[in-house]
Amino acid sequence: MDKRAVFRSWWLPTAFALPQLALIVLFFYWPAVAVVRWAFTLEPPFGGSAEFVGLANFREVFADPLYWNSVLVSLTFALAGTLSTIFIGLVLALAVDRQLPGSGAVRFLYILPYAIAGPAAGLAFRFILSPERGLMASVNSVFPDFWNPARYGSHALILVIVVFAWKWAGYTFIFLLAGLQSVPTSLTEAAAMDGSGPIRRAIDIQIPLLAPTLFFLSVVMMTEGFVGADTYGIVARTTDGGPNHGTDVMVYRIVEEAFRGLNYSGASAQSIVLIGLIMIFTFIQFRFIERRVHYK
Amino acid sequence: MKPSVFPFVLTGLLAATTLTATTLSATSAHAEKTRFEFWYGLTGDLSDRVQEACSKFNQSQGDFEVVCTSQNAYDATLQNTIAAYRAKKQPAITQIYDAGTLDLMLSKAFVPAKTLMADNGYKIDWDNYFSGIANYYATASGELNSFPFNSSTAMFYYNVDAFQKAGIDFKPDTWEQVEEAARKLKAAGYDCPMGMNFDTWATMEQFSAIHNQPIATQANGYKGLDAEVVFNKTRFVDQVKFLKRLADEKLVVIKTKQLGMDVVPAFTSQTCQMIQTSIADHGTIGRTLPQGVKWEVAMLPVWNGTERQNSLVGGASLWVMAGLPQAQYKGAAAFLAYLGTPEMAQWWSTVTGYIPVTKTGFDAMKANGFYDKAPYKGRELAIASLTYTPTSENTRGIRLGGFTQIRKEVGTALEAIFMQNADVQTALDQAAERSNAVLRRFEKTYSGQTLN
């Protein structure tokens, strides 16, 4: 049995927790309740009579084929974004972990993109990867439309995933590097003495031992891909959801509908569906993937 | 740990909670001065000009102090005004863009312009506003609810040097001439005779107005909330087919920010030789084109044999919000009267490029010779375009709910047509169907209300 220090009274710990609780209630639960209210009513933006409409807002959302398109786009974006950020972060972390000369400076550089706001990164990449003026312009002049995110939805989706991965790979890198540093060096040294190279050591020893970190990152990055402020910012700054709804991710659709279309009710209904979807995904991740993760 | 957009979306939706942070205590340090707020959506250079106007007003008298705050975008201004109104922290005056007019009109959250000025003892000659401008913001019976402020309309810009090199000896007054000019420019080696983007303002709204085509039934929505869009059944469809044919022949070239360059930079970098854009870009174009390049601005082309109608006004108007202390309304009325003086009107149009909204303002500028020489020469054509004919049912304005979304639907259809070769009629039909769904939801949201 561990020796534990406990508070004797109940009010002191509550008082300590109070500021945090107040913030959570004020900035999450209260708005969430308001969203639920909006989702079941139809109310003019400036206020007035809120008419209860039951499930009409949800029916309207589900009946819209473009809504299902945005669910599909969001899924693709979140999955591809998660896999690419974790893969890139892992490769970079494994390389930096070898402590070759200069790895300190490189480590700093790899983290840097994470400090840049998503919309800013999106704006930069819109120019860098623009089909007529950017890096690919010369390729396009030989092979027309080889890269054209303004024409092909698939290219546009790749564009936003690239921006997302560029920024968030630095984030996964931090966690994975920290994880790697807790892998006992005796294990990797022993493997090295047995003659296995860096790649073999990574696959057989380091990656299995990183399982808890990888699991944590997959949950966080999936959520980020679905509802992250960056996801909205990147899409709004690069493609505006286009071409022809090709990158119309769910958060982009919600923000556009609420704040540009002033359709608060429809946007609230979509928000609730999105919250539900995230809960389902997180549940699946914990139920089926976490079982295979060994923490000790 | 993970910044999520949710708290923002959620708090934003709960309008009432977000604005509590806005700090401006009503109790002023200077007890003798009444302070009131003015929110606007202009940014950059234009925002500095608004600030200048505010300080001019504050220095011109000792009773009131206007506090002017940029909300960084038109749609954000509308959004923030809504949030502020719900939290009972609304500004006295707010600048709302053309597409948000109906939302304000149905809100019951404003003091009508006429009432405000009459109550505070100002005599305003409401007929002094250009009818093409005033009608956009007035009720169906012609009453102005808000003050027209910064106004513009779409114009046609072309590169005279390129025209001369290509041996074109006419002005592009008709679309037939535009096509002919485009062919000659192409033959002379210009890769982009005419640039185009997917903004519907010039391509759909202005085109429909000057060709006297409706965008929606019920006089473009003026006569009732049950209006339905009809842009998929008018000459606009033929126009899109025409532009698509020219695009296929590379006579019209798509220029969007996604491709790397929008139409205005495409024109000022002399990549494209003809574009349609706002008169508000006149100053930018003049400043950005290299010295010595000859260019010209003209009214938008019409099809041969069409009787040209007046074009539509774009921009924004100033609304006075309801529910504030009486003293603030005195200040707001004084401020709006000050902005309306011919001297201020002239100053505003000179420094910004927006057109004057009143006849006396325009006449004063004309008398001063403002329009006679560069860089302002050509801007008078915007007034000529706006006042070309008395307004008809189709050219009065567009009074449709959720019009920002409708613009987006049409823009997406154009994107599908020009970038992905979608069928013109099918794509526009789809956009119309989706636009009508937006209108029906709007009608339901405001059920029981009628337009007056």
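## How to read the model

Because this is a predicted model, local features need pLDDT of at least 70 and side-chain atom pairs count only at pLDDT 80 or more, while totals for chains, interfaces and linings use all residues. Residues are numbered from 1 along each chain as its sequence is written, and chains are lettered from A, with ligands numbered from 1, in the order in which they are written.

## Chain A at a glance

Let us start with chain A, whose secondary structure comes to 13 helices and two strands. Helices (H or I, at least four residues) and strands (E, at least two) are DSSP runs, numbered from the N terminus. Taken along the principal axes, the C-alpha atoms of chain A fill a box of roughly 75 × 75 × 30 Å.

Of the 296 residues in chain A, 39% are buried. A residue is buried if 20 or more other C-beta atoms lie within 10 Å of its own, exposed if 12 or fewer, and partly exposed in between, with C-beta atoms placed from the backbone. Among the contacts in chain A with a separation of 6 or more, 72% come from residues 24 or more positions apart. Here, two residues are in contact if their C-beta atoms, placed from the backbone, lie within 7 Å.

## Two helix pairs in chain A

Two packed helices are described by the angle between their axes and the distance between the axes. The axes are lines fitted to C-alpha atoms, for helices over the stretch in contact, and angles run from 0 to 180 degrees between N-to-C directions. In chain A, the axes of helix H1 (residues 11–39) and helix H13 (residues 264–289) come within 7 Å and cross at roughly 120°. That angle makes H1(A) oblique to H13(A); angles under 35 degrees count as roughly parallel, over 145 as roughly antiparallel, 65 to 115 as roughly perpendicular and the rest as oblique. From H1(A), the contact uses A:Val35, A:Val36, A:Trp38 and A:Ala39, and these meet residues of H13(A) including A:Tyr264, A:Ser268 and A:Ile272. By class, this contact has seven nonpolar, three polar and no charged residues. Ala, Val, Leu, Ile, Met, Phe, Trp, Tyr, Cys and Pro count as nonpolar, Asp, Glu, Lys and Arg as charged, and the others, Gly among them, as polar.

A second pair in chain A is helix H5 (residues 118–128) with H11(A), whose axes come within 7 Å and cross at roughly 30°. That makes H5(A) roughly parallel to H11(A). Residues of H5(A), among them A:Gly118, A:Leu123 and A:Arg126, meet residues of H11(A), including A:Asp230, A:Ile234 and A:Arg237. Seven nonpolar, four polar and three charged residues make up this contact.

## Where the chains meet

Across the interface, 46 residues of chain A are in contact with 40 residues of chain B. On the chain A side, the elements giving two or more residues are H1, H10, helix H11 (229–238), helix H12 (250–260) and H13. H1(A) gives the most, with eight residues. The chain A side divides into 28 nonpolar, 13 polar and five charged residues.

## The domains of chain B

The domain assignment of chain B gives domain 1 (34–152 + 313–386) and domain 2 (154–311 + 401–445); such bounds come from an automatic or database domain assignment. Taken over C-alpha atoms, the centres of these two domains of chain B are 28 Å apart. In chain B, 18 residues of domain 1 are in contact with 18 residues of domain 2. Helix H18 (residues 380–386) of chain B gives the most to the domain 1 side, with five residues.

## Residues to look up

A:Met221 is found in helix H10 (residues 211–227) of chain A, and A:Met221 counts as buried because it has 26 C-beta neighbours inside 10 Å. The C-alpha atoms of A:Met221 and A:Ala78 are separated by 7.5 Å, although the two residues are 143 residues apart along the chain. Leaving aside residues up to four places away in sequence, A:Met221 touches A:Gly81, A:Thr82, A:Thr85, A:Ile86, A:Trp168 and A:Thr172.

The loop between H11 and H12 of chain A holds A:Pro243, and the peptide bond from A:Gly242 to A:Pro243 is cis, with omega near -5°. In the loop between helix H3 (65–97) and helix H4 (103–111) of chain A sits A:Gln99. Phi of A:Gln99 is near 60°, a positive value in a residue other than glycine.
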